[in-house]
Amino acid sequence: MASDQQKALLFGAAAAVRLILFTAFPSLPNLLAGRVEVSTPVTSFKRLQEGLFLYTHNVSPYDGGVYHQAPLLLPLFSLLPDPSYYPFATNLLYTALDLLAAQALVQIAESSQAVTPRLFKSSRKDLRWSSLAIAAGFLFNPLTVATCIARSTSAFTNLFILTAMAKASQGASITFVFALSLASYLAMHPILLFPPLLLLCYDVRVVKSKSTVDPLAFSVSHVLGLVVAAGGLLYMSALLTGSWEYLAATYGVRLLLPDLTPNVGLWWYYFTEMFDSFREFFLGVFWLHVASYMPGLTIRLRKQPLFVAVTLTGIFAVFTPYPSIADASLYLSLVTLFRHLFPLMRYSFLASATILYASFLGPAFYYLWIYAGSGNANFFYAITLVWSLGLSVVVGDSLYAALRDELDVERPELRGKEVTRI
Amino acid sequence: MLSFRSLIFFHALVACVLGSSDYAERLLLRPLPQSALLASFNFRSNESFTSFEQQNFRYFPRSLAQILQHAGTKELHLRFSLGRWDAESWGERPHNGAREGGTGVELWAWLDAENEQEAFSRWLTLTNTLSGLFCASLNFIDATKTIRPVMSFQPEGDHPNLSQLHLLHGTLPHEVVCTENLTPFLKLLPCKGKAGISSLLDGHKLFDASWQTMSIDVRPVCEASGECILEMEQTVDMVLDIDRSKRPRDNPIPRPLPIEEIECDTSKGYNAADTCYPLHGSAEPDFSLSQLFGRPIKGACPLTDSDGENANTVCINTPPERTVHANTTGPYVESRLVADTLRCYKLPTGADFDLSLPSQQMTTGLMLQPPSLFAARHINGHGQERGSIQTTIRNPTSSAVDFIYLESLPWFMKPYIHTLRARVSNSLENPITETFYKPAVDRHRGTHLELRMLIPASSTLTLTYDFEKAILRYTEYPPDANRGFDAAPAVIRLVSPGSADRKGVYIRTTSLLLPLPTPDFSMPYNVIILTSTVMALGFGNIFNLLVRRIVGADEVPGAGTGGIRGVIKGKVERLRALLGGVKKNT
């Protein structure tokens with residue numbers, strides 16, 4: 001079939017781009033792995049190598065301030081040959097991660113949950129990109145490529161988030177719950193995606209199954225499944241490292257932000273400059289702020305659960321403690337599923353200009369601060385503000401478009417007319 | 001050859017001094033190349049265990065003894081150091097490096113405690129009380145600056161219950177050693193700087209030296225019969241620049257000599273009469289103790305032995321042909337030892353004593369013994385994000401050297417131990433034989449790295465590893481944040497060839513200056529406000545959409561058109577109405 005050939009061609013080209021970049025520029029992976037925009041303290045590949053070194057030399061990697069990543073990554077990478085001497089296996093692994101993530105994205109697009117979920121039929125449902133175009137947007141996004149070349153472990157998190165979405169939109173409960181518990185196990189905050197994806201999974205199951213599905217039994221069984229899967233992963237990690245101290249070194253670090261290495265998010269400079277007596281209070285406020293979007297969006301957009309999950313990934317890319325461009329690439333790729341909303345967006349030029357501005361000036365200003373010494377920390381901080389503002393404009397604007405789209409179905413007489421909010 | 005023998009003899013002499021009497025002091029002067037002079041002051045006081053436990057102190061200072069008893073300290077080593085020992089030109093270190101510390105303050109002690117927590121609380125007691133005693137910031141040695149070395153230090157004393165003792169080690173590389181540390185140091189001496197060789201110690205000269213180290217070592221020494229004494233050794237080693245020290249204090253700026261007084265190198269051609277290539281090093285410079293130290297020795301300390309080996313309190317290590325005059329009004333005794341290369345003087349009591357050496361053209365010189373290892377440590381790389389440490393260790397001798405390398409790094413310098421590489425210049429073998437590594441924990445513990453390495457004969461070992469610099473909270477930076485942070489020197493202990501006595505052979509590298517990225521200290525409020533604004537914009541925008549209902553613009557009276565356009569239109573209309581109203585009134 002032509003589409004299969006196209007898909008093979010697309011995936012082959014994406015793999016070729018990555019492997020060529022890996023082999024033609026052998027110093028590029030380490031250069032990117034050292035960039036603060038790509039590698040955060042909780043996803044950096046260099047820190048993973050350090051943790052791996054300590055793990056293979058029988059020193060607990062969690063009894064130190066360098067390694068903050070999940071324990072199950074250690075046995076996985078210890079099976080691979082040492083990437084500083086034989087990087088090919090690792091490169092292949094990361095290329096495969098991206099291809100699998102793109103495959104999950106194709107599945108999401110093919111399920112049509114973005115445009116026609118169970119409770120809602122968009123009036124613009126014919127305006128959409130093909131699943132291959134969406135996958136190409138993910139695979140050839142420079143942010144995704146940079147994440148892959150830097151071998152950041154957020155590639156794993158992105159893969160599991162996309163898989164969870166794909167499986168939820170196919171109604172495959174077990175794989176959905178397992179993929180989401182893996183994503184939450186790796187990065188903690190994807191647990192907030194569970195309620196909208198559970199609704200999505202429920203909607204799909206209701207459509208698919210002939211008999212009625214009891215919502216209570218459905219949600220209880222899935223919550224139990226998530227608890228069992230996540231608990232199993234945590235218990236396996238404890239068995240692997242011999243103690244529970246990894247919890248403080250992985251999730252504790254995400255919660256309490258002891259490592260203030262710069263990143264593209266809003267937290268690091270805020271807590272660098274925060275007065276000591278208020279630090280705990282504002283940590284609580286910031287986490288509450290991140291978590292507060294989930295219930296509001298899930299309730300208001302009950303009819304479009306996939307859109308809620310996608311919007312939440314956008315919020316994670318802005319408001320979590322250690323965001324990187326990997327999170328932004330995930331969100332920007334998922335937004336392309338909602339092509340039908342683009343005509344309704346009002347600030348798309350502003351937002352895209354802001355994001356482009358920040359992504360070009362960010363590295364330059366970081367250089368001025370850290371290397372040239374002709375700028376100070378405020379330069380890079382200002383760029384992270386612009387970046388966050390740009391992404392939050394995209395999030396807010398797409399949300400407006402989604403609501404306007406719903407309104408067009410509810411009240412077709414208002415289509416194309418001026419609206420206001422009361 | 002002569003000198004080599006003399007040094008060995010001198011060490012033997014010191015060892016024999018240390019064994020016999022309850023209080024002894026000795027000053028050794030040794031001219032070094034490039035008009036430098038090594039002055040080694042050594043004071044030793046003993047107290048028997050029984051009188052120590054009864055708090056009956058004669059020579060041992062009561063203030064320090066009570067601190068040791070209170071903190072359960074069985075063996076103590078405290079160092080205050082400044083400057084760098086130039087091993088290339090000055091040869092082997094005094095006392096084989098066993099009585100010197102890294103730049104700043106270094107403290108290590110064996111504490112008697114049941115468990116690690118108790119040992120650490122006693123360690124804090126010890127550092128806090130010593131901080132008060134020595135007017136030093138020792139109280140800043142907290143958990144992040146404390147390590148528990150496993151291989152690098154061996155106890156010098158005799159401990160019956162070594163398994164119960166805990167070794168803790170702390171450094172303060174940033175500490176500036178100065179006069180306020182010397183005064184309490186002198187107060188611990190029985191003659192308190194009023195008489196004896198300690199009367200030469202003056203803060204102005206001591207801290208003006210090219211290199212100086214003050215040390216205090218307390219250790220128990222037990223005879224074979226089971227009788228134990230507690231021995232305290234205080235040393236001050238300094239290398240003075242003779243020309244610099246001789247400058248008068250009221251006119252310290254060096255001025256060029258008139259050209260007639262300079263000896264010019266006549267083998268070179270000159271194009272004018274006022275140019276000159278000065279000849280260096282042909283004659284040994286003249287100096288006297290009162291010129292170098294600002295005052296003569298105020299007679300012997302009456303507590304030293306009046307005869308025997310220990311009565312010879314001032315010694316000078318020069319070739320036999322060098323003229324040395326002793327200037328004093330009292331009786332003194334000069335004795336020549338070790339093939340005349342060591343001249344020792346018994347000081348008169350109650351009369352000033354001065355040694356003066358005239359400028360002299362020498363035909364023979366003393367050979368300096370080269371050190372067993374040369375070590376240098378640097379930070380490579382640029383920028384405030386990451387870097388790498390490079391340590392170069394050179395073995396000039398013709399035999400392999402087995403040594404232990406200790407690094408204690410601050411927590412905000414995060415080494416990547418998987419990048420640690422050790423290479424020997426002429427062999428492919430990995431020189432590291434044993435590794436002990438304890439990684440740092442942010443704000444709780446520093447990095448502790450110990451390596452046992454073997455360096456083959458006449459080769460160079462290069463040790464490198466990468467590190468990353470953390471960014472700190474703005475309250476954690478010192479007032480001079482952009483100066484950078486100090487990283488403590490690496491300590492090298494030679495295992496073989498080691499030393500004959502229990503002191504060991506040590507080499508310390510210089511400390512490192514580590515520039516960290518700094519935030520803008522002036523704008524915590526601005527950052528809080530700006531970040532909060534961005535978050536409020538995101539939150540407000542999204543929740544505004546979520547909680548409000550969308551209706552047609554024409555369905556709501558007075559709302560006008562939506563969006564910014566509508567708002568502006570509304571404003572313009574209001575303004576127009578206002579202006580119209582004003583016009584009507586006028």
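The UniProt annotation "transmembrane region", from an unreviewed entry, covers residues 9–28, 127–152, 172–202, 223–247, 267–294, 306–325, 345–367 and 379–403 of chain A. UniProt positions follow the numbering used here, feature names are shortened, and annotations may be inferred rather than shown by experiment. This is a predicted model: local features need pLDDT of at least 70, side-chain atom pairs count only at pLDDT 80 or more, and totals for chains, interfaces and linings use all residues. Residues are numbered from 1 along each chain as its sequence is written, while chains are lettered from A and ligands numbered from 1 in the order in which they are written.

Two of the annotated spans are described below; helices (H or I, at least four residues) and strands (E, at least two) are DSSP runs, numbered from the N terminus.

Strand 1 of chain A is joined by three bridges to strand 28 (residues 550–552) of chain B, and the two run antiparallel. Strands pair if DSSP finds at least two bridges between them. In this pairing, A:Val419 stands opposite B:Gly552.

Within chain B, an open sheet of three strands has the order 10-15-12, with antiparallel pairing. Its edge strands, each pairing on one side only, are strand 10 (287–288) and strand 12 (325–328).
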